[in-house]
Amino acid sequence: MKILEVVEKTPSLLEQLIVVWEKSVKATHLFLSENGIEEIKKYIPQSLTGIAHLIIAEREDGCPVAFMGIEEQKLEMLFISPEERGKGLGRKLIQYGMENYSVNELAVNEQNPLAKGFYEHIGFQVYKRTDHDEQGNPYPLLYMKWK
């Protein structure tokens, strides 16, 4: 598995990352309906192209299986293909972000307890909660900082 920063956000790469995003969301965001996922999916290309630092993990064959986005010192997104979960890839990506971009903060959906537990396990703790996500949807967010 290779971790690298994306230099050129090509249409082909974006398509592959959207597939990773969708598979990851369907496996972890059980509180979202199919229609909800499709609505959010419309904004993913813009999120991927607009993020300051897009880091991917790819298999030996060059196929991306995970990615994260970092803005300043905040982890803005982390998505891992379901078949790669539980193998330490999330931890490796977070460590990369901490070492290279001083990542020390993130937000996670409260209704995604596995993600919250993962972040707590690696050393983040909740400091704030909101009733809605950043788009105003009724999905509570937990804001976490590195302790």
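This is a predicted model: local features need pLDDT of at least 70, side-chain atom pairs count only at pLDDT 80 or more; totals for chains, interfaces and linings use all residues.

**Salt bridges**

I searched the whole structure and got twelve salt bridges, a salt bridge being a side-chain nitrogen of Lys or Arg within 4 Å of a carboxyl oxygen of Asp or Glu. Residues are numbered from 1 along each chain as its sequence is written, and side-chain values use heavy atoms, with hydrogens and water left out.

I began with K2 and E58, whose closest N and O atoms are 3.5 Å apart in a salt bridge. K2 lies in strand β1 (residues 2-5) and E58 in strand β2 (residues 53-58), so this pair ties together parts 56 residues apart in sequence. Helices (H or I, at least four residues) and strands (E, at least two) are DSSP runs, numbered from the N terminus. I then looked up exposure, where buried means under 20% relative accessible area, exposed over 50%, and partly exposed in between (1.4 Å probe, protein chains only). K2 is partly exposed at 47%, whereas E58 is buried at 12%.

Next came E22 and K41, which meet in a salt bridge at 2.8 Å, N to O. E22 sits in helix α1 and K41 in helix α2, 19 residues apart. E22 counts as buried at 14%, and K41 as partly exposed at 24%. Which residues join these two in a network? E22, K26, E34 and K41 are linked by salt bridges.

My last pair here was K74 and E134, at 3.8 Å, N to O. K74 lies in strand β4 and E134 in the loop between β6 and β7, so the pair ties together parts 60 residues apart in sequence. K74 is buried at 17%, but E134 is exposed at 52%.

**Rings**

I found seven aromatic pairs in the whole structure. The rule: rings of Phe, Tyr and Trp (its six-membered ring) pair if their centres lie within 6.5 Å, with planes under 30 degrees apart counted as stacked, over 60 as edge-to-face and the rest as tilted. F31 and Y139 are a tilted pair, 5.4 Å centre to centre with 55 degrees between the planes. F31 is in the loop between α1 and α2 and Y139 in the loop between β6 (124-130) and β7 (141-146), so the pair ties together parts 108 residues apart in sequence. Y139 is buried, at 18%.

I also checked F124 and W146: their ring centres are 5.4 Å apart and their planes at 70 degrees, so this pair is edge-to-face. F124 is in strand β6 and W146 in strand β7. F124 is buried at 2%, while W146 is partly exposed at 40%.

Then I looked for charges over rings (NZ of Lys or CZ of Arg within 6 Å of the ring centre and within 35 degrees of the ring normal). K128 lies over the face of Y143, 4.5 Å from the ring centre, and K145 over that of Y127, at 4.8 Å.
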